[in-house]
Amino acid sequence: MAMSNWAEDEVQTADLDDQRLNKRLALLLERLGEHPQLSIPVACGGWKETLVAYRFFDNDKATFEKILAPHRDSTVERMKSCPVVLLAQDTTAYDENINLGPKGLGTLKDVTKRSRRLHPTVAFTPSRICLGIVKAAYWARDTASPRQARRCKGVDEKESRHWLESYQDSCALQTQMPDSLLVNIADREGDLYEWFAEYLDYASTVRAQWIIRATQNRDLLVEPDTAAKWLWAALEQAPVLGHADVHVKPRPNRAARLAHITLRAATVTLKPP
C-alpha cells in the first residue's frame with residue numbers, strides 16, 4: 001500500500017537516528033491518522049503491520065519528544081501564514097486501574113491506580129481551524145500531596161509549571177513570527193500569579209498575549225479613581241461592551257443550555273500574594 005504524501009510531508013524533519021524508523025513513523029501516522037477511532041490492530045489492517053507498530057513504540061529511539069518534534073515543525077510553518085493564532089492548553093487525565101492479583105484471578109477490590117497526565121498546547125485559527133500541536137508534556141502523577149504541603153512548594157515543583165512552560169514556549173514562538181499575533185489560552189488552572197509576573201519579564205515586542213479564565217477573586221491595588229478593591233467588583237463597575245450567547249454542551253448530570261454572556265473590560269493592577 002502506497003503512503004500518502006501528507007504523512008511524509010508532516011514528518012519530513014523527523015530524526016529518530018534511523019531512516020527506517022523515520023519511514024515507519026510516517027506510515028503509522030497515515031494509518032492511525034486516517035482511522036483515529038480504531039484500535040492499533042484494526043487501523044494497521046493486519047497482524048504483521050500490528051507487530052511492526054508495537055515494535056516501533058517499544059523502540060528506545062522512538063521517544064515522545066522525537067515523535068512530536070517533526071509535527072511541531074510542520075505546525076509552526078502553518079502558523080507563520082496566519083495573522084492570529086490561538087494556542088489553547090489544558091490537561092487531560094487518564095487513570096488506569098490495575099488488578100494486583102494473578103492474571104485472571106483475585107478480587108476486583110485488590111487494585112492500584114496509575115494516574116497519567118497529558119498537557120498539550122494546540123494551535124488554532126480564530127475560525128477554529130486546527131493547525132497542530134506545538135508543545136506537549138506527558139507524565140505519571142505521583143501520590144497527591146496535601147494542600148498545605150503544595151502551598152509550601154514553588155511553582156517549578158508543582159504540576160502548575162506546565163502552564164507556565166506552555167506560555168514561555170509561546171513567547172519563544174512569538175519571536176520567530178513577528179508578523180503574527182500569538183495568544184495563549186488557559187482554563188481556570190492557569191490562573192497563576194506567577195504567569196502574570198512572567199508576562200512582564202518579556203519585552204512587549206516578543207511576548208505572546210494570553211487569555212485566562214479567572215478562578216480567584218483577586219485583591220487589587222486600588223487606584224485613586226476607583227473604589228473597587230476586588231477583581232469581580234472592578235469588572236461589575238466596567239461599562240458593558242456587548243452581549244453574546246454561547247451554546248453549552250451537555251455534561252454528566254447537567255443538560256445542555258444557552259448561556260447569555262455580558263462582555264466587559266477593565267484594566268486593573270493585581271496585589272501580589
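1. The lining of the largest cavity comprises two nonpolar, four polar and two charged residues. These assignments, like the others in this note, refer to a predicted model.

2. The lining residues are His 119, Thr 121, Lys 135, Ala 136, Ala 137, His 162, Glu 165 and Ser 166. Three elements each contribute two or more residues to this lining: β3 (111-124), β4 (130-140) and α7 (161-176).

3. The volume of the largest cavity is about 30 Å³. With 30 Å³ or more as the threshold, the count is one cavity.

4. The largest nonpolar core contains 28 residues, and those touching the most other members are Met 79, Val 85, Leu 87, Ala 123, Leu 182 and Trp 195. At least two residues of this core come from each of α5 (64-79), β1 (84-89), β4, α7, β5 (181-186), α8 (193-200) and α9 (231-237). The greatest contribution is that of α7, with five residues.

5. Which residues does Val 85 touch, leaving aside those up to four places away in sequence? The contacts of Val 85 are with Met 79, Ala 123, Phe 124, Leu 131, Leu 181, Leu 182 and Val 183.

6. As general background, nonpolar side chains in soluble globular proteins tend to be buried together.

Technical notes. Residues are numbered from 1 along each chain as its sequence is written. This is a predicted model: local features need pLDDT of at least 70, side-chain atom pairs count only at pLDDT 80 or more; totals for chains, interfaces and linings use all residues. Side-chain values use heavy atoms; hydrogens and water are left out. On a 1 Å grid over the protein atoms alone, a cavity is a set of points where a 1.4 Å probe fits but cannot get out, and a pocket is an open set with protein on both sides within 12 Å along at least five of seven lines; lining residues have an atom within 4 Å of a point. Grid points are joined across faces, edges and corners, and a volume is the space filled by probe spheres set on the points. Helices (H or I, at least four residues) and strands (E, at least two) are DSSP runs, numbered from the N terminus. Ala, Val, Leu, Ile, Met, Phe, Trp, Tyr, Cys and Pro count as nonpolar, Asp, Glu, Lys and Arg as charged, and the others, Gly among them, as polar. A nonpolar core is a set of buried Ala, Val, Leu, Ile, Met, Phe, Trp, Tyr and Cys residues joined through side-chain atoms within 4.5 Å. Buried means under 20% relative accessible area, exposed over 50%, partly exposed in between (1.4 Å probe, protein chains only). Contact means heavy atoms within 4.5 Å.
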